[in-house]
Structure formats: structure tokens, C-alpha cells
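The sequence and the model are shown here for reference.

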Amino acid sequence: MSGEATVWWAELDDFAPDSFADVLCADERRRAASFRFPRDRARFVAARGLLRTLLADHLGTDPKRIEFAYGERGKPRLAADEMDLRFNLSHSAGFVALAFCEGREVGVDIEAVREDLITAGIARRYLFAEAAMEIERRVGAERTEEFFRAWVRQEAYAKGHGAGLELIGQSLESEGWTMLDLDLIDGYAAALAVEGGGGLDGGEQLVADPARVGHAGGERLQVLDVRAVGTAEPVR
């Protein structure tokens, strides 16, 4: 898996509320119980359960045995992992994306595209100048789509670094990182950031081959195997 990232995504509402309840740790169950609305609680349980299930598949262990540690900004990592497996999770409006990469930091972000969002002011305030200018050159639906493409790239980049909002607005031209726009679901924007070096550096093109696969007790997810091939300009 080294030199390759894998992205899984799924609709959280496809999973029964109790599908993963038995694999969560006590802290996750407490966090689930803190949600006011049953739908939000069920989505949290499904997202964490899928994360545990997929990590357990990579590691060859029981999902209940997965233990997490957290960085200074809250980015989760495996408490003990001889494979050096890195991962990240993002969810929006009922969909979740989960990214995995061995030996390289990874960040993923997915956002539901909101046609009613006034994007220009947000872009000027939070995104770096070149991205904001590109957004303002567009009109109508194209402007909204360009805004969300830029936003998820920034979020994925920040999450890959294990950082918070302080990296929102910085240029993505960071040595050693590669950005990939993900076309996962109609009506959503998504992006992947992978730490560079070796086969994944800023000058190589990432090609994603989607396929549907069965997983987690017969429930359906989708998966991308992302490989570095050929040469092309990185996503800006």
C-alpha cells in the first residue's frame, strides 16, 4: 500500500443505527449519546464504525481492538501501529469519505454543495488570493462549484497537516504534498491531500479508478485506489 492512497465513501443513512454499535469504545459511545437528534447520533456511530472496520481490515485485527491517539489539533492516529498506517475522515450531509495511506500523512474533505451560499465574501476572507480571484471570475452555478472545489482542497490540505483553521487561506503550493480533486457523489465536492516523497510528489498526476465493493456485513461502500502515474501539473 506504500505510495498509494485508498479512499472509501458511503451514505451513512444506508446503515442501520445498530450496525456498528458493538465495535465502538466507551468514549465513542459517550460521544454518540451526547447528540441531541437520533439521525446525527446514528451517523456518528456509522462513521466511526466504518473507520474502525476498515482500519481493522488493513491491520488484520478486530475493530474493537483499535485504539486511537490524538495530535495537538485533534487529528486521530493509531495508538500502536507497526504498519505506519495514516488515515483521515470527513462527512457532510449524510455522506462520509475515509482516506488511508501507509507511511504518508493524508487528509480528505467532502462538502455538500450549497447553491444558496453567498461565496464571494467567504472566498475573499478565507481563501488565498489566486483561488478567490478564480472564483470571482465565474458566474452562477460555476462560481458555486469552483468555491467548493477550492474549499475542500484547503480543508484536505489542513487536515493532512493535522492543523486547524490557521492553514485555511494559505497557498496549496507546498513542497512534498499532492492534491487530488475527487469526483465521488453528485452534489458534493471532495479532495484528497497526500504527503509527498517517492511516488507521490507535487509533479505527478494521481489517477483514481472507482469500483463498487461489498463490505461491512454486506452493506455497500465505494472505493478508489489512487496511484501516482505519468506526469502532470498538480491541482492548484
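The sections below take up the chain as a whole, then its strand pairings, its helices and its nonpolar cores.

## Overall make-up

The model is a predicted one, and its secondary structure comes to 5 helices and 10 strands. Of the 236 residues in the chain, 44% are buried.

Strand β5 (residues 95-102) pairs with strand β4 (residues 85-92) in the antiparallel sense, over 8 bridges. Within this pairing, Arg86 has Cys101 of β5 as its bridge partner. The two strands β4 and β5 form a hairpin with 2 residues between them, and in that turn Ala93 has a positive phi of about 45°.

Strand β5 also pairs with β1, again in the antiparallel sense, here over 7 bridges, and Trp9 stands opposite Ala97 in β5. Because 7 of the 8 residues of β1 are buried, this strand is largely enclosed by the rest of the structure.

An open sheet of 3 strands runs in the order β6-β8-β7, with antiparallel pairing. Strands β6 (106-112) and β7 (177-182) stand at the edges with a single partner strand each, so one side of each is left without a neighbour in the sheet. On average, and with direction ignored, neighbouring strands of this sheet are turned by 15° against each other. Strand β6 pairs with strand β8 (residues 188-195) in the antiparallel sense over 7 bridges, and the bridge partner of Asp109 in β8 is Ala191. Helix α5 packs on the sheet and touches β6, β7 and β8, while its direction makes about 150° with that of β6.

Helix α5 (residues 140-160) contains Glu146. Is this residue, Glu146, buried or exposed? With a relative accessible area of 8%, which falls under the 20% limit for a buried residue, Glu146 counts as buried. When neighbours within four places in sequence are left aside, Glu146 is in contact with Glu134, Ile135, Arg138 and Arg153.

Helix α2 (residues 38-59) has 22 residues, and the distance from its first C-alpha to its last is 31 Å, close to the 32 Å expected at 1.5 Å a residue. The helix α2 is followed by Gly60, which has a positive phi, near 70°. Helix α1 (residues 26-33) packs against α2 at an angle of about 155°, with the axes 8 Å apart. Since angles over 145 degrees count as roughly antiparallel, α1 and α2 are therefore roughly antiparallel to each other. In this packing, Glu28, Arg31, Ala32 and Ala33 of α1 meet Arg41, Phe44, Val45, Arg48 and Arg52 of α2.

Helix α4 (residues 129-137) contains Ala132, a residue that is buried, with a relative accessible area of 7%. Ala132 touches Ala123 and Arg124, not counting residues up to four places away in sequence. Between Ala132 and Ile122, which are 10 residues apart in sequence, the distance from C-alpha to C-alpha is 8.8 Å.

In soluble globular proteins, nonpolar side chains tend to be buried together. In this model the largest nonpolar core has 24 residues, and those with the most contacts inside it are Leu55 and Phe100. Two or more residues of this core are given by each of the elements β1 (4-11), α2, β4 and β5, with the largest share, 8 residues, coming from α2.

Residues up to four places away in sequence not being counted, Leu55 touches Ile66, Phe68, Leu78, Leu85, Phe87 and Phe100.

Terms used:
Residues numbered from 1 in each chain as written. Predicted model: local features only at pLDDT ≥ 70, side-chain atom pairs only at ≥ 80, totals over all residues. Heavy atoms only, no water. Pairing = 2+ DSSP bridges. Helix = DSSP H or I, 4+ residues; strand = E, 2+ residues; numbered from the N terminus. Expected span 1.5 Å × (residues − 1). Buried < 20%, exposed > 50% of the residue type's maximum accessible area, 1.4 Å probe, protein only. Contact = heavy atoms within 4.5 Å. Axes fitted to C-alpha atoms, helices over the stretch in contact; angles between N-to-C directions. Core = buried A, V, L, I, M, F, W, Y, C linked by side-chain atoms within 4.5 Å. Parallel < 35°, antiparallel > 145°, perpendicular 65-115°, else oblique.
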